[in-house]
Amino acid sequence: MMCSSSTQKQVLLPGSSSSQMEYIDNNGIFLLSNGSTFGFGFVSSSASYSMSYLLAVVHLATTSVVWSANADSPVSHSDNFVFDKDGNAYLQSGDSTVWSANTSSKGATSMQLLDSGNLVVLGKDNSSPLWQSFSHPTDTLLSGQSFIDGMTLVSHSNTQNTTYTLQIKSGDMMLYTNLQTAQPYWSALQDNRMIVNKNGNNIYSANLSSRSWSFYDQSGLLLSQLIITQQGDGNTTLAAVLGNDGLITFYVLQSGNTKSTLPITVPQDSCDMPARCKPYSICNSGTGCQCPSALSSYANCNPGIISPCKSKDKFQLAQLDSGVGYVGTSFASPVSKTNLTGCKNACMGNCSCIAVFFEQTSGNCFLFSQIGSLQQKDGGTSGFASFLKKLEEGELRDIFDAKLKYNDKDERLEIAIKVALWCIQDDFYQRPSMSKVVQMLEGVCDVPQPPISSQIGSRLYANAFKSSSEEGTSSGMSDYNSDALLSAVRLSGPR
């Protein structure tokens, strides 16, 4: 049985409430904008397979969510949105308040959804909102919406549990990757696509129109513009969405279920982000991610250095491939001006340093205690000499009992250690069968370079061998286990 309250409205008055269950015949939407361009209500949460919902503003023709009250806290079909008699709007789940507009006792008289997509709580004079969704953006900005100093745009988290934020700070609008310490990767002042109207002033606000993104100082003076499209008009809505890949993508939302993706993105190059690839991997413009040769023997291309200041291990610097740089050097302050040797020494003398980048033209030295993915631009030149810290490599005698007698030139020692490292892989499926172990030890086939996938294996390997950049790379035991490689081999005698 449907309640009479299931009729969609264009104005909500204090003392009303709504749930997804009540408005299931209207896809959970209970409030419409005047022209029915946007709707406000409960929509299915894509973050969960269960029946959970977001309280959201939706562009109805394209079903695009442009604002949500509870992005990280979906609710059930029976939970309620309430606009109480005291004028406060909030989302209730059981005995908990999931979200609130905090408009109690402020004289609220109505709640409306404008055709701009702005959800507003109005007072008696209707002149200015007591609260509006445009002042509390989530991951989307719409044409006509101002983004000012103090606001934050936040992406949904990705599979690596990484989020991205857009903020205006210290006179600049910047994008950040939320690693353990937030790292900037884009700046409006550094984007060379900007059409500059006036130099020198601080950015205070950014306004998205149907064609461009305009940047203003605190007095309202236009500073610069980023042209998004040449074809926008008043009948379309431009949306800027900060995705979970860290890119701001621009869409044109139109009637008739049409959602067009525009070619321009922020930043312009997807490799200009420290989380585009896995940490320590190299992002190549247009070709994807790859592991630097200096780390190719390590599982997941990660040297496994977590807390070097607390480690008793010894470390060394491994030079990265030519042309490899890091986007963080465009925003970090150099520790000093020096030469290459001085820059490397600065990193080795700082236990928290795990990566160092020396700018050869200026002598600037950049140290990082954490990094994301590296980058290699088209043309393969970065102007930097780049190094990563990894476990120091030693000799075979460093891991053998001093009482043992052996010939360190006997290649069987190296084979035995490589086989042992394959046998202690954390990933069970990478470990060879016993028959294949015997074949490797007997020299029936070559032993590929093992990945470093455990703390024990990492320390043994670092002490025993030179880096695989000198000896080749491993294709993994999965390739090595192929029947073609080991076919027609019979073991000699019982084992």
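Trainee: Quick one. Which residue in E17 stands opposite Leu175?
Mentor: Trp186 stands there, opposite Leu175. Keep in mind that this is a predicted model.

Trainee: How many bridges join E16 to E17?
Mentor: Four bridges join them. Strand E16 covers residues 172-177, and the two strands run antiparallel.

Trainee: And what is the strand order in that sheet?
Mentor: The order is E14-E15-E16-E17. Four strands make up this open sheet, with antiparallel pairing.

Trainee: Which strands are at the edges?
Mentor: Strand E14 (152-154) and strand E17 (183-187). Each of these edge strands pairs on one side only.

Trainee: What does the twist average from one strand to the next?
Mentor: The average is 25 degrees.

Trainee: Back to Trp186. Which residues touch the most other members of the largest nonpolar core?
Mentor: Trp186 is one of them.

Trainee: What does Phe250 touch, leaving out residues up to four places away in sequence?
Mentor: Its contacts include Leu208, Trp213, Ile228, Leu238 and Leu262. Ser260 and Thr261 are also among them. Another core, of 32 residues, lies apart from the largest one. Tyr53, Ala69, Leu119 and Phe134 are among its members.

Trainee: New topic. Where is Asn88?
Mentor: Asn88 is in the loop between strand E6 (80-83) and strand E7 (89-93).

Trainee: Is Asn88 buried or exposed?
Mentor: Asn88 counts as buried, because its relative accessibility is 9% and the cut-off for buried is under 20%.

Trainee: What does the side chain of Asn88 reach at 3.0 Å?
Mentor: The backbone nitrogen of Thr103. The Asn88 side chain also makes a polar contact with the side chain of Ser100, at 3.2 Å. Beyond four places in sequence, Asn88 is in contact with Val82, Phe83, Ser100, Ala101, Asn102, Thr103 and Ser104.

Trainee: Now Thr62. Where does that one sit?
Mentor: In the loop between strand E4 (53-59) and strand E5 (64-68). Thr62 counts as buried because its relative accessibility is 12%.

Trainee: Which side chain does Thr62 join in a polar contact of 2.8 Å?
Mentor: That of His59.

Trainee: How many residues apart in sequence are Thr62 and Asn257?
Mentor: They are 195 residues apart in sequence. In space they are 4.6 Å apart, C-alpha to C-alpha. Thr62 touches Asn257, and also Leu253, Gln254, Thr258 and Lys259, not counting residues up to four places away in sequence.

Terms used: Residues numbered from 1 in each chain as written. Predicted model: local features only at pLDDT ≥ 70, side-chain atom pairs only at ≥ 80, totals over all residues. Heavy atoms only, no water. Pairing = 2+ DSSP bridges. Axes fitted to C-alpha atoms, helices over the stretch in contact; angles between N-to-C directions. Buried < 20%, exposed > 50% of the residue type's maximum accessible area, 1.4 Å probe, protein only. Polar contact = N/O pair within 3.5 Å; in protein donor to acceptor, adjacent residues only side chain to side chain. Contact = heavy atoms within 4.5 Å. Core = buried A, V, L, I, M, F, W, Y, C linked by side-chain atoms within 4.5 Å.
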